[in-house]
Amino acid sequence: VQLQASGGGLVQPGGSLRLSCAASGRTPSRYAVGWFRQAPGKEREFVAAFSWSSLGTYYADSVKGRFTISRDNAEMTVYLQMNSLKSEDTAVYYCAVRTGPAYGLGSVSQAGDMDYWGKGTQVTVSS
């Protein structure tokens, strides 16, 4: 599985960005796609995920109500719509895939459980 993340950039506080994660190659029939982020000097943290097993969406508390994950099945693309951005959202954002069934937040929120990673895209929120 190859993943390509895009859509990052510089935005002012309160602004919006939409990230895209395009998957190619031999994608499994049941899997989950997650977004993680890593700010300088910090560990990589979970942001949001969608599971094809449960058809559920999952979010970190810090982004609930502001970020929305969605997918385009035909295009094999997952999006992360980010609204009301804050300076603390500044980070490199990565998309990742966990193969096999994934049910519940615990199955998609640990970076160590993801099997494939794309290169990150920088999101900077600053005035």
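**Reading the labels**

Mentor: Ala111 has a relative accessibility of 27%, so Ala111 counts as partly exposed. This is a predicted model, and every value here is computed from it.

Trainee: Why is Ala111 called partly exposed?

Mentor: Under 20% would be buried and over 50% would be exposed. The 27% of Ala111 falls in between, so the label is partly exposed. Ala111 lies in the loop between β9 (91–99) and β10 (116–117).

Trainee: What does Ala111 touch, not counting residues up to four places away in sequence?

Mentor: Ala111 touches Phe36 and Trp117. Contact means heavy atoms within 4.5 Å. As for Phe36, the C-alpha atoms of Ala111 and Phe36 are separated by 7.6 Å, while the two residues are 75 residues apart along the chain.

Trainee: Ala102 is in the loop between β9 and β10 as well. Why is Ala102 called buried?

Mentor: The relative accessibility of Ala102 is 0%. Buried means under 20%, so Ala102 counts as buried. Leaving aside neighbours within four places in sequence, Ala102 is in contact with Ala32, Ser51, Ser53, Ser54, Ser107 and Val108. Ala102 and Ala60 are 42 residues apart along the chain, and their C-alpha atoms are separated by 17 Å.

Trainee: What makes Gln12 exposed?

Mentor: Gln12 has 55% relative accessibility. The cut-off for exposed is over 50%, so Gln12 counts as exposed. Gln12 sits in the loop between β2 (9–11) and β3. Beyond four places in sequence, Gln12 is in contact with Val125 and Ser126. Gln12 and Arg98 are 32 Å apart in space, C-alpha to C-alpha, and 86 residues apart in sequence.

Trainee: What is noted about the phi of Leu55?

Mentor: Leu55 is not a glycine, yet Leu55 has a positive phi of about 55 degrees. Most residues other than glycine have a negative phi. Leu55 lies in the loop between β5 (45–51) and β6 (56–59). At 57% relative accessibility, over the 50% cut-off, Leu55 counts as exposed.

Trainee: What about the phi of Ser84, and is Ser84 called buried or partly exposed?

Mentor: Ser84 has a positive phi of about 50 degrees, although Ser84 is not a glycine. The place of Ser84 is in the loop between β8 and β9. With a relative accessible area of 42%, Ser84 falls between the 20% and 50% cut-offs, so Ser84 is partly exposed.

Trainee: How do you know that Met76 is partly exposed?

Mentor: Its relative accessibility is 29%. That value lies between 20% and 50%, so Met76 counts as partly exposed. Met76 is in the loop between β7 (67–72) and β8 (77–82). Leaving aside neighbours within four places in sequence, Met76 is in contact with Cys21, Ala22, Ala23, Thr27 and Tyr31.

Trainee: Which residues line the largest cavity?

Mentor: The lining consists of Leu3, Cys21, Ala23, Tyr31, Val33, Trp52, Asp72, Asn73, Met76, Thr77 and Val78. β3 (17–24), β4 (31–38) and β8 each supply at least two residues of that lining. By class, the lining has eight nonpolar, two polar and one charged residues.

Trainee: What makes a space a cavity?

Mentor: A 1.4 Å probe fits there but cannot get out. Rolling a probe the size of a water molecule over the atoms shows where empty space is left. The count comes to one cavity of 30 Å³ or more. About 60 Å³ of space lies in the largest cavity.

Trainee: How many helices and strands does the protein chain have?

Mentor: The protein chain has zero helices and 11 strands.

Trainee: How much of the protein chain counts as buried?

Mentor: Of the 127 residues, 43% count as buried. The protein chain exposes about 6400 Å², and carbon and sulfur atoms supply 45% of that.

How values were computed. Residues numbered from 1 in each chain as written. Predicted model: local features only at pLDDT ≥ 70, side-chain atom pairs only at ≥ 80, totals over all residues. Heavy atoms only, no water. Helix = DSSP H or I, 4+ residues; strand = E, 2+ residues; numbered from the N terminus. Buried < 20%, exposed > 50% of the residue type's maximum accessible area, 1.4 Å probe, protein only. 1 Å grid on protein atoms, 1.4 Å probe; cavity = no way out; pocket = protein on both sides within 12 Å on 5 of 7 lines; lining within 4 Å. Points joined across faces, edges and corners; volume = space filled by probe spheres on them. Nonpolar A, V, L, I, M, F, W, Y, C, P; charged D, E, K, R; others polar. Areas by Shrake-Rupley, 256 points an atom, 1.4 Å probe, with all protein chains shown as cover.
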